[in-house]
Amino acid sequence: ENNGIGNNIFVVTSEGYTPTAAVKSVRIECTKPPPITAPAAFYTKESTTIQGSSTNVIGMDGCGTSNVPGIITRATVQQNGNPGITGSPVAMVQNSPMDIDVQAMINQLKRYQNYSYDVNSSTFNGMNWGTPTPGATQQSPTSCSAQNIVSINTNNTYVRLQGGSSGCGLLLVEGDLAVHGGFQWHGVILVTGSVTFTGGGGKNITGAMLCLLYTSPSPRDRT
């Protein structure tokens, strides 16, 4: 049987017996989590601002096998302060017809969550959902052995991460995401609303981000 997104569904049956001949059978269905479509380091649907001379959006795979554009957007990108945007076969694609349903992706993935939050205009301080190991430079990929799925439902408001929050795996945000100060993430970030980076401190996302729109007024943002 297929789950409609290309993965087989397996039926696993377990039977238990007691010395008195009682029998209990348990049957489950299991499948792999759905794949994540990440066509670029950043994918956005609305006009996006990338700024700061120390900001780097890098679509080049650290292993050299799966290069993608740095940014793909259905709208346009405004660049201020000479940020670095690289990728292959092109650095950036604007006015793309690509229409990814981020909410549908979150709906499929959040059933596997191991951290779940239901918030309303909330601030998280110093959250640790895994600690990425830094690369040689701020522009180098991080590494991490942890694989968490963090799901945050903001109830159509926002969540703000500050105080050096970090994590490894998937970050799923329904609503707007604001990041203030240092931030490290190894994996993929999906946001149904806007993403804004502010404040000082190094920021490194090794993986990809898909969101509605993105703004980076911080001088040291990197994805």
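Helices (H or I, at least four residues) and strands (E, at least two) are DSSP runs, numbered from the N terminus. The model here is predicted: local features need pLDDT of at least 70, side-chain atom pairs count only at pLDDT 80 or more, and totals for chains, interfaces and linings use all residues. Residues are numbered from 1 along each chain as its sequence is written, and side-chain values use heavy atoms, with hydrogens and water left out.

Q: What makes F10 a strand residue?
A: Strands are DSSP runs of E, so a residue in such a run counts. F10 is found in strand β1.

Q: Why is N56 called buried?
A: Buried means under 20% relative accessible area (1.4 Å probe, protein chains only). N56 has 18% relative accessibility, so N56 counts as buried.

Q: How do you know that the side chain of N56 reaches S54?
A: A polar contact is a pair of N or O atoms within 3.5 Å; within protein, one must be able to donate a hydrogen and the other to accept it, and residues adjacent in sequence count only if both atoms are side-chain atoms. The N56 side chain comes to 3.3 Å from the backbone oxygen of S54. N56 itself lies in strand β5, residues 56-58.

Q: How many helices and strands are in the chain?
A: Going by those DSSP runs, 1 helix and 19 strands.

Note on methods:
Buried < 20%, exposed > 50% of the residue type's maximum accessible area, 1.4 Å probe, protein only.
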